[in-house]
Amino acid sequence: MEEITVSCPGSCGELIQGYVNDIPYLVSCGIRLFSYVTVQPYSSKKKLVGQKARRAIKLVEDYLNIPNEYRNMLEIDIQSELSLSKGMASSTADVAATIYGIALYYGKNLTEKEIAFLCVQIEPTDSVFFNSMTEFDLKSATVAKKSFWYPHFFVLMLEPETNIETQKYHTKENETLAKEQAGLFKGVYEEYSHAVSEKNLDKLGEAATKSACLSQKILPKVHFEEILLLKENHQSIFGVNVAHSGTVIGILLKNLTEVKEIQKKVSKLDVNDFYKKSGVYQSYFEGLKQVVGEG
């Protein structure tokens with residue numbers, strides 16, 4: 001078997017996240033940054049992979065009923081453009097691409113629902129591996145509602161040096177706070193649903209902004225209010241979103257006509273003292289892709 005290379009996009013946090021009918025939903029804000037996973041036959045220069053990737057290997061091999069004599073005969077190489085523990089779906093991108101790549105290596109093409117089922121056994125999961133913007137039950141994968149919409153926009157992403165591990169966010173206290181917001185989140189979810197049905201960026205931005213505001217009660221972002229005010233003075237800004245279980249903030253842009261001016265204002269607000277890294281990225285909702293190789 002030849003080597004297989006698979007890509008999975010990351011995200012700038014979520015467009016929305018909250019509880020609907022006691023189910024934790026999210027919609028990832030996919031961006032054009034990727035994790036690349038290469039699956040290839042074992043060599044003496046075997047590369048070390050993390051615990052999550054090793055668990056993904058076992059899950060796939062168990063799921064596909066791979067005979068024991070054929071196991072431990074491949075190696076995984078992960079190259080990622082995504083920062084760790086910032087809310088950029090780095091773990092999901094690594095794990096989903098690993099799962100997909102291993103299955104392809106064994107000649108199996110898993111569905112997105114199968115990949116979701118395997119991913120959530122490792123940790124709460126983002127929806128970046130779906131083809132089209134997707135609302136997803138991040139804990140059990142019982143809901144995966146694809147929008148079949150690929151909204152085109154740009155994200156001015158502000159990234160601090162601070163990070164937070166996904167599992168440390170999902171505490172009982174935070175879960176209780178999120179469930180208490182379910183009544184308010186219902187309006188956010190309805191706005192998102194209208195945005196999808198109408199393919200309306202403005203409504204999508206409003207839903208994202210309202211969800212970000214709710215998130216401030218659980219995991220507040222530094223300088224959030226100052227960043228939110230920028231929306232009032234720039235027509236190209238249609239919303240602000242956050243990583244609900246991370247540290248990045250996204251300024252959502254319809255186009256790049258005002259981006260330099262917006263970046264200057266962000267700098268003058270001393271926001272960059274905390275968010276030391278920033279970049280402009282195109283939205284991306286095309287999910288997993290095989291880049292190289294055939295099983």
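Two residues are in contact here when heavy atoms of theirs lie within 4.5 Å. Keep that definition in mind for the tour below. This is a predicted model, with residues numbered from 1 along each chain as its sequence is written. Local features need pLDDT of at least 70, side-chain atom pairs count only at pLDDT 80 or more, totals for chains, interfaces and linings use all residues, and side-chain values use heavy atoms, with hydrogens and water left out.

Start with the whole protein. It has 9 helices and 10 strands. These are DSSP runs, numbered from the N terminus: helices are H or I with at least four residues, and strands are E with at least two. The C-alpha atoms fill a box of roughly 60 × 40 × 35 Å along the principal axes. The radius of gyration is 19 Å, which agrees with the value near 19 Å for a compact globule, because the protein has 295 residues. That radius is taken over C-alpha atoms, and the globule rule is 2.2 Å times the number of residues to the power 0.38.

Now the inside and the surface. Of the 295 residues, 56% are buried. Buried means under 20% relative accessible area, exposed means over 50%, and partly exposed lies in between (1.4 Å probe, protein chains only). The protein exposes about 13600 Å², and carbon and sulfur atoms supply 49% of that area. Accessible areas come from the Shrake-Rupley method with a 1.4 Å probe; for residues, only the protein chains shown count as cover.

Take the contacts between residues at least 6 apart in sequence: 74% of them join residues at least 24 apart.

L26 gives a local example. This residue is found in strand β2. L26 counts as buried because its relative accessibility is 2%. Leaving aside neighbours within four places in sequence, L26 is in contact with E14, I16, Q17, T125, D126, S127, T134, E135, F136 and L138. L26 and H244 are 218 residues apart in sequence, yet their C-alpha atoms are 9.3 Å apart.

Two residues stand out by their backbone angles. Most residues other than glycine have a negative phi. D22 is not a glycine, but has a positive phi of about 65°. D22 lies in the loop between β1 (4–20) and β2 (23–41). At 56% relative accessibility, D22 is exposed. A89 is not a glycine either, and its phi is positive at about 60°. A89 sits in the loop between β3 (74–80) and α2 (90–105). With a relative accessible area of 6%, A89 is buried.

A record covers part of the chain. The UniProt annotation "domain: GHMP kinase N-terminal", from an unreviewed entry, spans residues 53–123. Such positions are given in the numbering used here, feature names are shortened, and annotations may be inferred rather than shown by experiment. Over residues 53–123 the chain is 49% helix and 10% strand. The end C-alpha atoms of this stretch are 12 Å apart.

Finish with two asparagines in loops. N233 is found between α8 (224–229) and β7 (237–242). N233 counts as exposed, at 55% relative accessibility. Beyond its neighbours within four places in sequence, N233 is in contact with E258 and K265. N255 is in the loop between β8 (249–253) and α9 (259–268). N255 is partly exposed, with a relative accessible area of 31%. Not counting residues up to four places away in sequence, N255 touches F154 and S236.
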